[in-house]
Amino acid sequence: MERKVRVRFAPSPTGPLHIGGVRTALYNYLFAKQNNGDFLLRIEDTDRTRFVEGAEEYIIESFKWLGIKFDEGVGIGGEYGPYKQSERKDLYKDYAMKLIENGNAYYAFDTAEELDKIRKEFEQNKKNFQYDCNTRQSLRNSLTLSKQETEDLLKNGSHYVIRFLFPKDTTIEFDDMIRGHISMESNLLDDKVLYKSDGMPTYHLANIVDDHLMKISHVIRGEEWLPSCPLHVCLYKAFGWQDSMPQFAHLPLLLKPDGKGKLSKRDGDRLGFPVFPLQWTDPKTKEVSSGYRESGYLPEAVINMLALLGWNDGTEQEIFTLDELIEKFSIERISKHGAKFDLEKAKWFNHQYLQHIPSKDLATLFLEELKQRDSEIDFDSSKIDLQSITAIVDLVKERCSFEKDLWEQSYFFFTRPKTYEEKAVKKRWKEGMTERMSDIFSKLNAIEDNSWAEKAEEFLMDYIQKNELNMGQVMNCIRLAVVGDTKGPNMVDIMRLLGKNEILKRIKTAINNIHL
RNA sequence: GCCCUGUUCGUCUAGUUGGUUAGGACGCAAGAUUUUCAUUCUUGAAAUCAGGAGUUCAAAUCUCCUACAGGGUACCA
């Protein structure tokens, strides 16, 4: 019988969730859903010194925003709980003891200070210290101490850790779903601490115990775990769980857009893009880091962008819904090398998704923003209704990558020009234009109010032809008068939306204020 | 230092059984459209496939070496 697919995302609550972590979670999610499997959230809080207030809530909130749902875990529950490692504390000791009993682990009494000292000495001699097959015989542990000495030390409450005892002269091998066959020599590996002196397990122990107990079938995690994977493989063997050992897949890292190295928190602030899904305020320093949500990204766009950063389906398709991703995703098609984050491409993705939002929905959001901008608006904002805003949004939407761009693209509907763009004036408002515009003004004024914009357009076409002018000469000046610059959507559309009175008022103001 | 993993246009990548004018997307440039700006459309520039050696009639694809990059090397995850 095929094993049920069960995967987990297991962050530690040490701060906001890095976007690379979000991608790892996404790939886990896609894989689980594709295989009708379970996706669980486990919080790995075994390092109490690094615990950050609010981080766990932040993680849950992030996935909620992204629309990635967990089947089990912290905040949801499930039959394999608790899903927070600090709440499973007692469990790990028993498993560590098992390894001591079967000879795969040993007590070590060296203090952190002692080891630091040895490390420094080694460094001075340009050597690297490792607690391994070469050094463990000369350190203070249950391998070198007599049985009695060890028992006494344990009894009198001496601090100790439990270390994994790597077998000598063996080659550890395993298969990675992305990287293929990987092997490492056991003699090169150090005896990692499994159980810390504070009574907490390390990641290595907790991760294996929990994955086994939670029946995890596939471990999909970042490349930074690849070097310790041989240890994990050995642990499965040491526990006698090799038959149910999960399959491993180590994901490539997300790198900085410029230079080299792993994408870090600082890069976001430095280069102007978010590294976190949600905005985060550090509880201690009060430092604020920007988030995708607050920067105006659509969750669907973030997911699509992230999915394609290191994976593709082999076709030229780039826009995928979550359901399509679930259908088409495959671990084998994940690239092996790290990917640099590309801000421009991220914007492009958001633009694509923004266009699919109905104008009315965007208008509803925009209406809220307009309320905030009340002081900038030259009209009675209470009279601005959803219908007219929808018409405006319709007109400018395709120019926007973000909802927040709407204002920049349509502010002239709400505010009259205070100044006129110098370059545009120079280029368009030539000699004699003031007189010409005065003439046009009175003609436009004479046109009846009913369907004014359409009739005004007719008149202007006619006027241009009769006076042997070209379109640009006249329309650009009207645009300059109405918008304050030679930009924006179709002039007649603007005239229709703004109406006769407003347009004429602006033309009059321009005639009075633009001087050559 | 040692160990592991990588390396195709500026960026993300296609290429999976060796034979392609090395394809696409973002960005960039030009043109078209637009009365303008943007959008959109078309076209273009852009990778001697990190370098070298080998296997082969034939190598981006297989092997080895080198370089570079990233990761790991904690009682952190």
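Hi everyone. Please keep in mind that what you see is a predicted model.

Let's start with the RNA. How many residues surround RNA strand B? There are 63, and the closest are N128, K196, E318, R399 and M475. By type, the residues of this surface divide into 25 charged, 20 nonpolar and 18 polar.

Where do they come from? Several helices and strands supply at least two residues each, among them helix 4 (112-124), strand 7 (180-185) and helix 11 (343-355). Helix 18 gives the largest share, with five residues.

Now, which parts of the RNA face the protein? Among the atoms of RNA strand B within 4 Å of the protein, 71% belong to sugar or phosphate, and the rest belong to bases. Let me show you some base atoms. An N or O atom in the side chain of N128 is 2.5 Å from a base nitrogen. With D110, a polar backbone atom is 3.2 Å from a base nitrogen.

Finally, let's visit T390, in helix 13 (residues 386-396). Is T390 buried or exposed? T390 counts as buried because its relative accessibility is 16%, and the cut-off for buried is under 20%. A polar atom of the T390 side chain lies 2.6 Å from the backbone oxygen of L386. If we leave aside neighbours within four places in sequence, T390 is in contact with S359, K360 and A363.

How values were computed
Residues are numbered from 1 along each chain as its sequence is written. Chains are lettered from A and ligands numbered from 1 in the order in which they are written. This is a predicted model: local features need pLDDT of at least 70, side-chain atom pairs count only at pLDDT 80 or more; totals for chains, interfaces and linings use all residues. Side-chain values use heavy atoms; hydrogens and water are left out. Helices (H or I, at least four residues) and strands (E, at least two) are DSSP runs, numbered from the N terminus. Buried means under 20% relative accessible area, exposed over 50%, partly exposed in between (1.4 Å probe, protein chains only). A polar contact is a pair of N or O atoms within 3.5 Å; within protein, one must be able to donate a hydrogen and the other to accept it, and residues adjacent in sequence count only if both atoms are side-chain atoms. Contact means heavy atoms within 4.5 Å. A residue is near a molecule or strand if one of its heavy atoms lies within 4 Å of it. Ala, Val, Leu, Ile, Met, Phe, Trp, Tyr, Cys and Pro count as nonpolar, Asp, Glu, Lys and Arg as charged, and the others, Gly among them, as polar.
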